[in-house]
Amino acid sequence: MARQLKDEEVHGRQAKHDAPGGGWQSVQATETHFLRERVPFKGNALMLKINTPDGGFECPSCAWPNPEKPGPAEFCENGAKAVAWEATAARTTPEFFARHTVTELLAWSDHELEKQGRLTHPMRYNATTDKYDPIDWSTAFREIGTQVAGFDPKRVELYTSGRTSNEAAFLWQLYGRMLGTQNFPDCSNMCHETTTVALPQSIGVGKATTTLDDFEHTDCVFLFGQNAGTNSPRMMGLLHEARLRGAEVITFNPLRERALVKFANPQTPKDMATNHGVPISTQYHQVRIGGDIAAIQGMCKHILEVDDAARANDGKRVIDHDFISMHTDGFEAFADHCRSLAWSQIERQSGLARDAIVDAADAWIRAERVICCWGMGITQHIRGGDNIHQILNLLLMGGHIGRRGAGACPVRGHSNVQGDRTVGIFHKSGEAFLSKMDEVFGIECEREHGHDVALCCEAILRDEVDAFLGMGGNFFRAIADQARVAPHVENIALTVQIATKLNRSHLIHGKSAYLLPTLARTEKDVQAGVEQTITIEDGMCNVQGSKGQIEPASPHLLSEIAIVAGLGKATLAPNPKVDWEWLTEDYARIRDKIEATQPGTFYDFNRRLTERGVFHLDIAARDRVWNTDSGKAHFLYPDKRLTEDDTAPTDTHFQLLSIRGHDQFNTTVYSYDDRYRDIYGTRMVLMMNPRDIERHGFEAGNRVTLHAVSDDGIARSVSGFKIIAYDLPENCLGAYYPEVNDLIPVANRDFQSNTIAGKSIPVTLELMSTEAIEAETGMLATG
Ligand SMILES: Nc1nc2c(c(=O)[nH]1)N[C@H]1C(S)=C(S)[C@@H](COP(=O)(O)OP(=O)(O)OC[C@H]3O[C@@H](n4cnc5c(=O)[nH]c(N)nc54)[C@H](O)[C@@H]3O)O[C@H]1N2
Ligand SMILES: Nc1nc2c(c(=O)[nH]1)N[C@H]1C(S)=C(S)[C@@H](COP(=O)(O)OP(=O)(O)OC[C@H]3O[C@@H](n4cnc5c(=O)[nH]c(N)nc54)[C@H](O)[C@@H]3O)O[C@H]1N2
Ligand SMILES: [Mo]
């Protein structure tokens, strides 16, 4: 029998002496990253221009908003990493491509590929040499344009990743719509699409109803499935302040995420002097993967019991019945549903004890103002939409929408993923927007719904795609089922990738392939002699300008906007209402067009931008206006009774979640360390409960193969993962994304929004044989 592990041998279990999240380690990490990238402009000076409303640039990392009065250095460790990575002195030049074939580069790691630095020249794939050769822009545009013009637009895919500005995204969708397609797969389809679909069903809007001000006035913040310490570190400052004020923070997460346990704010002298930090979560509930629906309904059940008792005894009611009757429908049915659930069932499905759920519900009852936040731990599930509806039920029961200090806060990912959707990147845009597009540009937009990411992958698998054009991102690495999709990409006639750095998606290419290098957010973008400003919309609906500060990485780079314009001119018949060059000369002209297509949202766009630097979009639910079918907010719950959940781990399989490490931005791997989880030097780990390790006859350090469980008869597996003992619920496993993406069937997705279910991956484990390990080590040594 395996040896019983000591507490300190279990990762994620925080001992008293352990460093908090943040603190000096964070400052040190920031400096290391600038040094490593040999950033040409003194790192610190560049960072002073970050997130300032008066002519600075917006951090390219996450979508967390800036405070109204930014501090002198409004950035975090991970924002600094993103900037250093982008502003690096390293270059991926034509000489680099002359030295390496594409086949050879395919064996490199994601980290090694991007580490080569910024792309400097437009490149075209040469099938004879299997290398990328330099090409001039006008030839590239002409060749791409001629090909795209010849394809059936329904077989053209235009992908968008969320770092793209509003202006570039708007032109990108204009280009697609002029071609005649709505095939706009978008990184949001792997991210918060679940929110975009489910939240409006509850409250009529798909965006945050909170602003930062609400965090300063809240009594209680619930954090569902979101790892702020790594993925939106500037949120930590607010949580830290909220705790010091006495507000409660209640976390639901299978993993104990260090910064959510304890955090030292690098901007707070006292924390830095002691390096002790402040406990962040007043309660930490290690819900089992996919157990949030049961946990929240259990909370609601307790709240209803307390409220029913108060009614019977003429005591103080804890549910906001006035709000419910005036603003909502469906409450009674939902309440009956919760009352009818057995605690034994709730406990089994949530993996939490009744007492723990009651504690969380009591915190809700104590609070007058409640905020609920959520991230990928909620959205990337087969029942992601149901998850979100339950979170909203919890808020609606207390009238916590449209009240200062309260609200719904989906924490979005990419810095402009929200804005890209707002300006029109959508595979099923509504008639109001499409008819405006028709009118403003004298075109006839396609009405038939197009492809999202999942549908695009399925079209590629059926060999029904002629062109894949990627505006940023790393599509073929970020998706599910990469190993199945990649071989079919060879059958695509044309792939075009617009990017800042080399990644795997540039090596998984079509018959003809182009790599078009673009300016990054930190860089000066000069058009017609004038430095341009782009705009982004953060995760709390603030639209703001961003102006690059440093010289471009190469004189051959074009802005994303200029690239779309070049493609547009080369592909499409002339249209007097779409003068691509004129639009590119002054980005304010593009904003005027955005305003013209959505006057209700973007009225006075340029004026509001220049006068204020930033403005908040109107969110009807904040004013308790519900843009739903009935004009009321809805209590929604899965019609199927909460019987045995289809996403639960069973005796025969585990449930795997895929997450980000501290030194990564999505598929960009800065280093192989994950300081907050005490994992160093490798990402090929499998986090496993110590009791599971023992019960299944494994030992920490064993190398295993993970096999996906699916009913489509297709075998999917990934190998070489080292088991580490981790503090997470039994039958649950954790590993890094994108290392496990080959395991996820494309069909494994939220059934309402098609969002990739990267947090509910049923798997079985197999111990690797010595021969298999040796074969793999040999392979790695040559890779
Ligand atoms: N530094 C850095 N910042 C980033 C990114 C990055 O990669 N690096 N990515 C950006 C992007 S695009 C996004 S979308 C966001 C992502 O930010 P997050 O939403 O924090 O994303 P994940 O790392 O996927 O972590 C999800 C969390 O959910 C938990 N979880 C998993 N399954 C469940 C479950 O069933 N229930 C509950 N309650 N919790 C669960 C995991 O343990 C983990 O803590 O961050 C953005 N910011
Ligand atoms: N299993 C699993 N899969 C997941 C997830 C998960 O949690 N688990 N998360 C999903 C989520 S939330 C997301 S958002 C997606 C991310 O999917 P993507 O957005 O497609 O991927 P990124 O890794 O963010 O893209 C990185 C690349 O973007 C390019 N780039 C960087 N900056 C710029 C720029 O300014 N302009 C242009 N044109 N290119 C630029 C660089 O070349 C870089 O290599 O992955 C999803 N996939
Ligand atoms: Mo994301």
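Okay, so by buried I mean under 20% relative accessible area, with exposed over 50% and partly exposed in between, using a 1.4 Å probe on protein chains only. F224 is buried on that count, at a relative accessible area of 0%, and F222 is buried too, also at 0%.

Before I go on, this is a predicted model, so local features need pLDDT of at least 70 and side-chain atom pairs count only at pLDDT 80 or more, while totals for chains, interfaces and linings use all residues. Residues are numbered from 1 along each chain as its sequence is written, chains are lettered from A and ligands numbered from 1 in the order in which they are written, and side-chain values use heavy atoms, with hydrogens and water left out.

Rings of Phe, Tyr and Trp (its six-membered ring) pair if their centres lie within 6.5 Å; planes under 30 degrees apart are stacked, over 60 edge-to-face, and the rest tilted. That gives 22 aromatic pairs. F222 and F224 are a stacked pair, because their planes sit at 10°, with ring centres 6.1 Å apart.

Now look at F334 and Y637, which make a tilted pair, 5.9 Å centre to centre and 50° between the planes. Which parts does this pair tie together? F334 is in helix α17 (residues 331-340) and Y637 is in the loop between β23 (633-634) and β24 (654-659), so the link joins parts 303 residues apart in sequence. Helices here (H or I, at least four residues) and strands (E, at least two) are DSSP runs, numbered from the N terminus. F334 is buried at 0%, whereas Y637 is partly exposed at 27%. There's also one aromatic cluster formed by F96, F97, W108, Y125 and Y132.

Back to F222, and on to cores. A nonpolar core is a set of buried Ala, Val, Leu, Ile, Met, Phe, Trp, Tyr and Cys residues joined through side-chain atoms within 4.5 Å. The largest one has 108 residues, and Y175 and F222 touch the most other members. Helix α8 (residues 166-179) gives the most to this core, nine residues. Where does the core lie? Domain 1 (91-191 + 416-597) and domain 2 (193-410) both contribute residues, so it lies between them; those bounds come from an automatic or database domain assignment.

Beyond its neighbours within four places in sequence, F222 has contacts (heavy atoms within 4.5 Å) that include I250, F252, M299 and W364. And there's a second, separate core of 47 residues, with C187, A459, L656 and M688 among them.
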